[in-house]
Amino acid sequence: MIAILIVALAAGAASALMFASISSGALISLLLYFLAPLPLMVSALAWGPLTAAIGGVAAASVLGVIFGLPYCIAFAMMVALPGWWLGHLALLGRPIAGAAGDGTTQQPPVLEWYPVGRILLWVAAFAVITTAAALLTLGSDADTVTGTLRRGLLKVLTTGEGLPSGDIERLVDMLVILAPLAATILAMVTLTLSLWLAGKIAQTSGRLNRPWPDFRTTALPAMTLVALSVAVAICFVGGMPALLAQIVTAALVIAYAFVGFAVLHTLTLSLANRGFWLSGVYAVVVMFGWPIVAMFALGIADAVFGLRQRYLQTRPPPLPAE
């Protein structure tokens with residue numbers, strides 16, 4: 001128990017420092033800020049979710065004492081809760097009916113692990129919650145939120161020189177629309193990356209208490225496509241519902257884009273120089289951003305037409321999990 005407490009406090013301290021580093025204004029602090037859940041996720045996957053819970057509560061309490069209640073709440077919502085819950089879900093498993101281990105040979109039961117696609121939905125939920133909560137601190141209606149964003153962006157951009165006022169106005173109008181979407185996408189990407197890195201760290205240390213998942217099989221529940229369609233429709237309603245629907249849409253689009261990458265990994269199994277082509281796709285997406293739309297389309301196509309299932313039915317069994 002003492003070891004768990006030490007690990008919990010160390011993980012909580014690391015997450016709190018990464019979260020609070022944003023106040024320094026340094027560029028690297030932005031990366032540390034968004035990766036703040038990583039230490040808690042590592043502790044959850046390697047030592048159990050209780051460790052992450054203890055570390056998260058301790059870190060949130062200390063931040064609340066030093067910086068005030070808003071920092072405590074922000075850390076709890078954006079770092080501690082996702083770090084603990086996602087780590088808990090990643091270790092959640094249940095015995096498969098009819099596939100229990102052999103009691104004679106003392107084999108452990110065969111477990112069915114919580115689906116990666118459902119974990120991805122939880123990541124999307126946390127991205128939506130944190131972005132929506134941040135927007136609601138600016139106002140309770142869409143006009144107030146966009147007005148506050150616009151004034152803040154105008155204040156920042158007009159401090160520089162070189163842009164005519166008309167260009168600044170147009171740039172601000174565009175950023176007011178894109179800022180909530182960009183915040184949601186960034187939260188989705190960094191939370192997913194943090195969980196993946198935490199799993200790799202725990203696996204490398206030999207403390208990951210589950211087999212490494214086969215990400216090629218990642219799939220979202222069927223109702224996710226319905227939820228995306230409803231969110232897109234609400235985007236045209238106007239007002240605060242439309243603003244929140246845009247955030248939900250952005251999160252689900254990125255979720256389907258991640259599924260698109262899983263589909264791509266499956267459909268390229270028989271390609272020569274497969275690693276080169278996959279690396280090229282990832283590089284293009286990271287460098288330019290907009291090709292993520294192609295991955296989203298691939299994820300949607302798989303959800304509608306079952307591309308992976310059709311491909312695997314006509315091909316030899318897939319290679320070992322990556």
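Which residues does Thr218 touch, not counting residues up to four places away in sequence? In this predicted model, Thr218 touches Val116, Gly117, Leu120, Val259, Ala262 and Arg308, where contact means heavy atoms within 4.5 Å. The residue is found in the loop between helix 8 and helix 9 (223-234); helices are DSSP runs (H or I, at least four residues), numbered from the N terminus. Thr218 has a relative accessible area of 6% and is therefore buried (buried means under 20% relative accessible area, exposed over 50%, partly exposed in between, with a 1.4 Å probe and protein chains only). A polar atom of the Thr218 side chain lies 2.8 Å from the backbone oxygen of Phe215.

Because the model is predicted, local features need pLDDT of at least 70 and side-chain atom pairs count only at pLDDT 80 or more, whereas totals for chains, interfaces and linings use all residues. Residues are numbered from 1 along each chain as its sequence is written, and side-chain values use heavy atoms, with hydrogens and water left out.

Ser194 is found in helix 8 (residues 165-204). With 0% relative accessibility, Ser194 counts as buried. The Ser194 side chain reaches the backbone oxygen of Thr190 at 2.8 Å. Residues up to four places away in sequence aside, Ser194 touches Phe34, Leu35, Leu38 and Met41.

Helix 4 (residues 49-67) and helix 5 (residues 69-90) have axes that come within 8 Å and cross at roughly 170°. Helix 4 is therefore roughly antiparallel to helix 5 (angles over 145 degrees count as roughly antiparallel). Among the residues making the contact are Ala52, Gly56 and Leu63 of helix 4, together with Cys72, Phe75 and Trp84 of helix 5. The contact residues divide into 13 nonpolar, three polar and no charged; Ala, Val, Leu, Ile, Met, Phe, Trp, Tyr, Cys and Pro count as nonpolar, Asp, Glu, Lys and Arg as charged, and the others, Gly among them, as polar.

Aromatic pairs are rings of Phe, Tyr and Trp (its six-membered ring) with centres within 6.5 Å; planes under 30 degrees apart count as stacked, over 60 as edge-to-face and the rest as tilted. The count comes to twelve aromatic pairs. Tyr256 and Phe296 form an edge-to-face pair, at 6.5 Å centre to centre and 75° between the planes. This pair links Tyr256 in helix 10 (residues 239-267) with Phe296 in helix 12 (residues 292-305), 40 residues apart. Tyr256 is buried, with a relative accessible area of 3%. Phe276 and Trp277 also form an edge-to-face pair, at 5.4 Å and 75°; Phe276 counts as exposed at 58% relative accessibility. One aromatic cluster is formed by Phe19, Tyr33, Phe34, Phe67, Tyr71 and Phe75.

Notes: Axes are lines fitted to C-alpha atoms, for helices over the stretch in contact, and angles run from 0 to 180 degrees between N-to-C directions. Helices (H or I, at least four residues) and strands (E, at least two) are DSSP runs, numbered from the N terminus. Angles under 35 degrees count as roughly parallel, over 145 as roughly antiparallel, 65 to 115 as roughly perpendicular and the rest as oblique. A polar contact is a pair of N or O atoms within 3.5 Å; within protein, one must be able to donate a hydrogen and the other to accept it, and residues adjacent in sequence count only if both atoms are side-chain atoms.
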